[in-house]
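Welcome, and please have your viewer ready. We will go from stop to stop, selecting a few residues each time and looking at what is there.

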Amino acid sequence: MLELSAATLVGKGLHREVHVHPDDDSKCVKVVVLRGEEETRREQAYYRFLQRRNIDWISLPQFYDNEETNMGPGAVFDLIRDDDGQVSKTLEFYLDNLSSTPELVESISQALLSLKLDLLEQNIITMTLKPKNMVLQLRNDGMRCLIIDNIGNSDIVPISSYVRFFCRKKIERKWGKFKQSLKRDDRQQQIEVICNRI
């Protein structure tokens, strides 16, 4: 059984906590802490669907399986780290600090555009796209954006998971809503620049 504690905690959402895997610091463990079982089941079902399709794990951390922990069942994923070994920070973190790092506008724009193109190319469906559910991985060859939460298709009849035309329509619609949510953010004018490029 994996022992999780405050020392292994790296992130916390409304329903789940994320911990560094005690036996492998290249992986993390997601555990439900407040009524997140349904979300977890949906997410894992979709990840297994993507595994059967043998996608390239460019824009998502890979899902491995579940392990027992002292906090209940834990889902094991890749832990996204920058090339210097630090856990990658969320897009929300970088947007909050854009005024002090305006030089990152171009890199963030390129990373987001690459993410969008990969979602379209590989037919990967997300729920609501939110900056807190995306990380920017700092690499020696540039910046990469990955979605770390809110993956899956909640449609009762998930035709868009199987038909490319409907999948692309859904992805474009979700992306449009994501851009609109960013544009409503009046923290920095640089966000408007990013939105215009993605």
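Here is a walk through sheets, helices, salt bridges and a few single residues.

**Before you start**

This is a predicted model, in which local features need pLDDT of at least 70 and side-chain atom pairs count only at pLDDT 80 or more, while totals for chains, interfaces and linings use all residues. Residues are numbered from 1 along each chain as its sequence is written, and side-chain values use heavy atoms, with hydrogens and water left out.

Helices (H or I, at least four residues) and strands (E, at least two) are DSSP runs, numbered from the N terminus.

**Stop 1: the five-stranded sheet**

Select E1, E2, E3, E5 and E4, which lie in that order in an open sheet of five strands with antiparallel pairing. Two strands count as paired if DSSP finds at least two bridges between them. Now find the edges: strand E1 (9-12) and strand E4 (63-69) each have a single partner strand, so one side of each has no neighbour in the sheet. From one strand to the next, the twist averages 30 degrees.

Zoom in on strand E3 (residues 27-32) and strand E5 (residues 72-78), an antiparallel pair joined by five bridges.

**Stop 2: a hairpin**

Move to strand E7 (residues 134-139) and strand E8 (residues 142-147), which pair in the antiparallel sense over six bridges. Together E7 and E8 make a hairpin, with two residues between them. Across this pair, Leu 136 stands opposite Cys 145 in E8.

Now show the side chains of Arg 139 and Asp 141, which meet in a salt bridge (3.1 Å, N to O). A salt bridge here is a side-chain nitrogen of Lys or Arg within 4 Å of a carboxyl oxygen of Asp or Glu. Asp 141 is exposed at 61% relative accessible area, and Arg 139 is partly exposed at 31%. For these words, buried means under 20% relative accessible area, exposed over 50%, and partly exposed in between (1.4 Å probe, protein chains only).

**Stop 3**

How many salt bridges does the structure hold? There are 11. Select Lys 12 and Glu 17, whose side chains form one at 3.6 Å, N to O. Lys 12 is exposed, with a relative accessible area of 61%, whereas Glu 17 is buried at 11%.

Then select Arg 16, Lys 30, Glu 39, Glu 43 and Asp 149 together: salt bridges link them in a network.

**Stop 3: where H3 meets H5**

Two packed helices are described by the angle between their axes and the distance between the axes. Show H3 and H5, whose axes come within 9 Å and cross at roughly 35 degrees. The crossing is right-handed, meaning that the near helix is turned clockwise from the far one by less than a right angle.

On the H3 side, select Val 105, Glu 106, Ile 108, Ser 109, Leu 112 and Leu 113; on the H5 side, Gln 190, Val 193, Ile 194 and Arg 197 meet them. Contact means heavy atoms within 4.5 Å. The residues of this contact divide into six nonpolar, two polar and two charged. In this sorting, Ala, Val, Leu, Ile, Met, Phe, Trp, Tyr, Cys and Pro are nonpolar, Asp, Glu, Lys and Arg are charged, and the others, Gly among them, are polar.

The side chains of Glu 106 and Arg 197 meet in a salt bridge (2.5 Å, N to O). This pair links distant parts of the chain, 91 residues apart: Glu 106 is in helix H3 (residues 105-122) and Arg 197 in helix H5 (residues 190-197).

**Stop 4: single residues**

Is Lys 116 buried or exposed? Lys 116, in helix H3, is buried at 15% relative accessibility. Leaving aside neighbours within four places in sequence, Lys 116 is in contact with Glu 172, Trp 175 and Ile 198.

Finish at Tyr 162, in the loop between E8 and helix H4 (164-183). Tyr 162 is exposed, at 61% relative accessibility.

Definitions and conventions:
Axes fitted to C-alpha atoms, helices over the stretch in contact; angles between N-to-C directions.
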